Amino acid sequence: MENYDVIIVGGGPAGATLARLLPPQLRVLLLCDDRRDKPCGGLLAPDAQKALARFDLTLPKELLVDPQIFAVRTIDLVSRQQRYYQRMYLNVDRAKFDRWLLSMASSHAEIRHVRCRSVERREGGGFLVAFPGAGGSLETVSAPLLVGADGADSLVRRSLFGPARTRRYTAIQQWFPLAEGNPFYSCVFDPATSPCCSWSICKDDFFIFGGAFPPRGSRAAFEAQKKRLADFLRMDLGRPVKTEACQVLRPSRPASFCLGDGGAYLIGEAAGLISPSSLEGISSALSSAAALAASLERSRPLAAYRRATRRLRWRLLAKNLKCPFMYNPLLRRLVLKSGLTSISVREQRG
Ligand SMILES: Cc1cc2nc3c(=O)[nH]c(=O)nc-3n(C[C@H](O)[C@H](O)[C@H](O)COP(=O)(O)OP(=O)(O)OC[C@H]3O[C@@H](n4cnc5c(N)ncnc54)[C@H](O)[C@@H]3O)c2cc1C
């Protein structure tokens with residue numbers, strides 16, 4: 001059986017960043033199931049841009065998609081109000097972004113493009129990790145340190161620490177061929193179909209509509225909301241060319257986060273680190289990976305990791321204070337009516 005110093009499960013922004021930042025003398029194995037692209041808006045918020053700046057990384061222009069955006073159109077489908085707010089996001093191709101981060105990790109870690117099947121604590125310490133090997137049979141490897149960077153539905157978290165103790169939604173996104181009249185970025189609220197939010201965004205030749213819905217009946221709620229949005233916009237979205245779905249978390253209290261214990265650590269969304277207001281999670285994935293990489297060099301890594309992520313965790317919880325103004329229908333109606341911090345947009349003529 002092969003032994004490693006560290007095994008990382010998941011090669012998204014969190015796992016790829018951790019692998020890149022670990023000391024080169026460590027023998028690192030990164031398991032990444034990349035058969036399907038991560039469903040995502042692919043917007044790099046200012047916090048994610050700052051995290052990349054801290055790594056002294058610049059973004060190759062091939063990762064950008066058309067168009068770049070300056071405002072979000074916020075739509076309330078129940079009150080039929082809408083406002084525009086300035087946003088400073090970068091619109092990127094999420095699959096290319098992940099591959100770019102992973103390519104920088106390849107000289108630091110052995111990368112296997114497989115789905116991890118099981119993880120377990122080993123008697124006497126360390127971990128056993130199983131995944132499909134060369135001939136299709138299960139291969140088992142071991143390491144004293146295990147990191148779950150495997151996203152919202154983390155196998156590492158479920159296997160070692162139980163189910164996520166936080167609100168969980170099913171995010172569904174559909175891609176449509178771009179038609180005239182739909183290149184805009186919107187944030188959609190529709191309490192008739194979801195207590196969370198939805199969005200639309202254009203990427204090169206595609207228009208994407210997606211949203212987060214309570215797991216039970218999520219597909220029906222998505223379809224109902226899509227129809228309500230199309231009616232509101234008086235727009236025919238056409239036939240989708242791709243439908244994708246995954247789980248998304250919304251932390252609401254300190255127990256929503258799980259950083260790990262006993263030699264197993266969680267980073268990124270596996271640890272519950274995502275904004276409960278905007279569902280922005282790339283910045284937390286990058287910064288928690290950097291925090292763990294630095295903490296593993298300390299004598300008490302878990303305590304150091306807790307300290308290093310304390311501000312991040314409080315900042316994410318503090319975003320819950322903003323939520324009533326976004327998600328409570330009455331307060332949202334008042335905010336939209338007041339026009340506070342909104343910008344007025346002159347529609348283009350003909
Ligand atoms: C629909 C949607 C839209 C979003 N839009 C945005 C946005 O515009 N901007 C933003 O900042 N955030 C956005 N987020 C949040 C953001 O996508 C996540 O918070 C972020 O990707 C978390 O990064 P991560 O590396 O922790 O996990 P992930 O990006 O989920 O990466 C986990 C990786 O692990 C792999 N994996 C999972 N299980 C296994 C396994 N058993 N074995 C091997 N590999 C495994 C997965 O295939 C994946 O490659 C969005 C989320 C959703 C659901």
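Tutor: Happy to! R298, R300, R307 and R310 form a positive surface patch (residues with over 30% relative accessible area and no salt bridge, like charges joined within 9 Å and nonpolar side chains within 5 Å; Shrake-Rupley areas, 1.4 Å probe; a salt bridge puts a Lys or Arg side-chain nitrogen within 4 Å of an Asp or Glu carboxyl oxygen; Lys and Arg count as positive, with the charge of Arg placed at CZ). This is a predicted model, where local features need pLDDT of at least 70 and side-chain atom pairs pLDDT 80 or more, while totals for chains, interfaces and linings use all residues. Residues are numbered from 1 along each chain, and side-chain values use heavy atoms, without hydrogens or water.

With a relative accessible area of 51%, R298 is exposed (over 50%; buried is under 20%, partly exposed in between).

For a contrast, turn to strand β12 (residues 167-177): 8 of its 11 residues are buried, so the rest of the structure largely encloses β12. Strand β16 (residues 242-250) runs antiparallel to β12, joined by 9 bridges (pairing takes at least two DSSP bridges), and there Q173 faces E244. Strand β15 (residues 206-213) also pairs with β12, antiparallel over 8 bridges, with A171 partnering A212.

Finally, M104 belongs to helix α3 (residues 94-105) and is partly exposed at 22% relative accessible area. M104 and F70 lie 34 residues apart along the chain, and 30 Å separates their C-alpha atoms.

How values were computed: Buried < 20%, exposed > 50% of the residue type's maximum accessible area, 1.4 Å probe, protein only. Helix = DSSP H or I, 4+ residues; strand = E, 2+ residues; numbered from the N terminus.
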